[in-house]
Amino acid sequence: MQKKLISDLVEFGFAILPEYFTQDRIAACRTELEDAVLGHGLTPHVLMSTESVHIHNFFLYGAKLRSTLFGLEFQRLHAGVFGKSYCLRNAVASSIQLNPSADETALHAPIGSGWHRDTPQFHDVEGKSKVAGPGVTFQVIVAIDNSSIENSTKVMPRSHKADWSGHRLDPDEAIKFITTYGERNVVLQAGDVAIIDDNLFHRAGIATPNSRWMCFCSYTPWYVKPYFDFSVTVLPDLTEYEAHCLHMTAVPPRPEEPLRNTFRPSAW
Ligand SMILES: O=C(O)CCC(=O)C(=O)O
């Protein structure tokens, strides 16, 4: 299983592990996510648009969510697929779902809209976008709901190896890339796990009336700045593995902005 997983990840830029979590666990996680949304007035971690709901740091919002992200199943993937130099960059649960009456927060469209890659980005001397490349950072997706052809995450298989260093594709570039790589719907059933090389081009699916919760858990080498300042996270009975994931055993660059952004340009 591990061999096939790694060879798929290297060749196609993504791999699927069917039925990795039990239905009981997934159902408990769904209930905790729904409760977190109902209580969202209490937290800035919940963002909504009329097509999506996102809960950053979802592991803070329920015992099952926490034990899923930091439990033995994740530890096995972490150690076997990326290795112990990796820590968590971000953990966000996202539902892509039509909700015309949603209170709009800072977001106006789902996180993940439009073809993009999540590998760390920087700019060269001419200001051109560059990315860290394939095989560096990864995203583990846990399906909490069944997804469909419409609302599933879309990927361009093998595009993680494209000789192209930008971060986002404009519509004309996207057409050229789709002609070369094709487009695949990563349709998952609740309990399945998918792993994506962050250099792979992907995008969120189309919102439907159905709930489509997925947990997106991003892993980067310890020296990559996480999206949040995890060093201030308070979790009762913190385990050694949790402390490792939350960068408490190494000192990464500090996040400069409270949400998502990992870099604030200076006047220099
Ligand atoms: O919600 C999705 O299907 C995709 C999310 C995504 O692209 C991201 O979080 O980078």
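## A loop residue to start with

Leaving aside residues up to four places away in sequence, V187 touches S147, S148, I149 and S152; two residues are in contact when their C-beta atoms, placed from the backbone, lie within 7 Å. V187 sits in the loop between β9 and β10. Its C-alpha atom is separated by 8.4 Å from that of N151, although the two are 36 residues apart along the chain. V187 counts as partly exposed because it has 18 C-beta neighbours inside 10 Å. For burial, a residue with 20 or more other C-beta atoms within 10 Å of its own is buried, one with 12 or fewer is exposed, and anything in between is partly exposed, with C-beta atoms placed from the backbone.

A word on what you are looking at: this is a predicted model, in which local features need pLDDT of at least 70, side-chain atom pairs count only at pLDDT 80 or more, and totals for chains, interfaces and linings use all residues. Residues are numbered from 1 along each chain as its sequence is written.

## The chain as a whole

The protein chain has six helices and twelve strands; these are DSSP runs numbered from the N terminus, with helices (H or I) of at least four residues and strands (E) of at least two. Its C-alpha trace spans about 45 × 45 × 40 Å along the principal axes. Buried residues make up 41% of the 268 residues. Of the contacts with a separation of 6 or more, 83% are between residues 24 or more positions apart.

In soluble globular proteins, nonpolar side chains tend to be buried together. Here the largest nonpolar core has 59 residues, and those with the most contacts inside it are F14, F58, V140, I141, V142, I144 and C215. Such a core is a set of buried Ala, Val, Leu, Ile, Met, Phe, Trp, Tyr and Cys residues joined through C-beta atoms within 7 Å. Not counting residues up to four places away in sequence, V142 touches F21, T68, V193, M214 and C215.

V193 belongs to strand β10 (residues 193-197), which is largely enclosed by the rest of the structure because five of its five residues are buried. V193, I195 and D197 point one way, A194 and I196 the other. Strand β7 (residues 138-143) runs antiparallel to β10 and is joined to it by five bridges, with V142 as the bridge partner of V193. Strand β1 (residues 14-17) is also antiparallel to β10, through four bridges, and there I16 stands opposite A194. Strands pair if DSSP finds at least two bridges between them.

## A three-stranded sheet

An open sheet has the order β9-β8-β11, with antiparallel pairing. Its edge strands are β9 (184-186) and β11, each pairing on one side only. Strand β8 (residues 153-155) pairs with β11 over two bridges, and V155 stands opposite H202 in β11.

## Around the ligand

Which residues surround the ligand? They are S94, I96, P110, I111, G112, D118, T153, H202, R203, A204, G205 and F216. Strands β4 (86-96) and β11 (202-203) each supply at least two residues of this shell. The shell divides into five nonpolar, five polar and two charged residues, where Ala, Val, Leu, Ile, Met, Phe, Trp, Tyr, Cys and Pro count as nonpolar, Asp, Glu, Lys and Arg as charged, and the others, Gly among them, as polar. A residue is near a molecule if its C-beta atom, placed from the backbone, lies within 6 Å of it.
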